[in-house]
Amino acid sequence: MTKAHHRHHEVSGTPATLVLDADGAVYATHAYEHDPSVASFGLEAATALGVDPARVFKTLLVDTGRGGADALAVAIVPVTGSLDLKAAAAALGVKKVKMADAADAQRRTGYVLGGISPLGQRHRSPTLLDDSATQWETVLVSGGRRGLEIEVDPADLSRLTAAVPAPLAGP
């Protein structure tokens, strides 16, 4: 990826790309044809785009058991594994977390499941980023809809989501 912005004009902006544009961060968008029968969006993206799946990150929401703005938290983890809920709870300073209800996750973020981007969410939530992200020059996260990935420097991703690095990936 060069230092110039890569824009695909046939792809309209999402809240995630608008955040990146406003910031001036360098990123690339990668669109692919989403197959509705595929269960794992992230692995599908990695295969469709020919990218190492360890560089493709999924955005998950967890229920912290707290109230208000901290009721849900975001965990960004490689699609090659699962989220270690105990590790996420430890990083968030709570006793335990569970996966958030799908409807709550969609309401909170303004995105549909399978298209939840860590960037440009409707309401900001505490955010964790698996510490493996820093080993890559760029990582891919959902661009805000199914079939759209954003390739971005993990440092920019961390900065723009105020993410805390943590060992989050489970087997």
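Start with the open sheet of five strands, whose order is β5-β2-β3-β6-β9 and whose pairing is mixed. Its edges are formed by β5 (98–99) and β9 (164–166), each of which pairs on one side only. Strands here are DSSP runs of E with at least two residues, while helices are runs of H or I with at least four residues, and both are numbered from the N terminus. Two strands are said to pair if DSSP finds at least two bridges between them.

Before going further, please keep in mind that this is a predicted model, in which local features need pLDDT of at least 70 and side-chain atom pairs count only at pLDDT 80 or more, whereas totals for chains, interfaces and linings use all residues. Residues are numbered from 1 along each chain as its sequence is written, and side-chain values use heavy atoms, with hydrogens and water left out.

Now turn to helix α3, which spans residues 85–92 and has A87, A88, A89 and L92 as its buried residues. Buried means under 20% relative accessible area, exposed means over 50%, and partly exposed lies in between (1.4 Å probe, protein chains only). The buried residues of α3 pack against β2, β3 (72–78), β4 (82–83) and β6, where contact means heavy atoms within 4.5 Å. Just after the helix comes G93, with a positive phi of about 75°.

Next, find S125 in the loop between α4 (102–109) and β6 (127–130). S125 counts as buried because its relative accessibility is 5%. Its side chain makes a polar contact of 2.9 Å with that of R108; such a contact is a pair of N or O atoms within 3.5 Å, and within protein one must be able to donate a hydrogen and the other to accept it, with residues adjacent in sequence counting only if both atoms are side-chain atoms. Leaving aside neighbours within four places in sequence, S125 is in contact with L72, A73, V74 and R108.

Our last stop is P15, in helix α1 (residues 15–23). P15 counts as partly exposed because its relative accessibility is 40%. Not counting residues up to four places away in sequence, P15 touches Y111 and G120. The C-alpha atoms of P15 and G110 are separated by 9.1 Å, although these residues are 95 residues apart along the chain.
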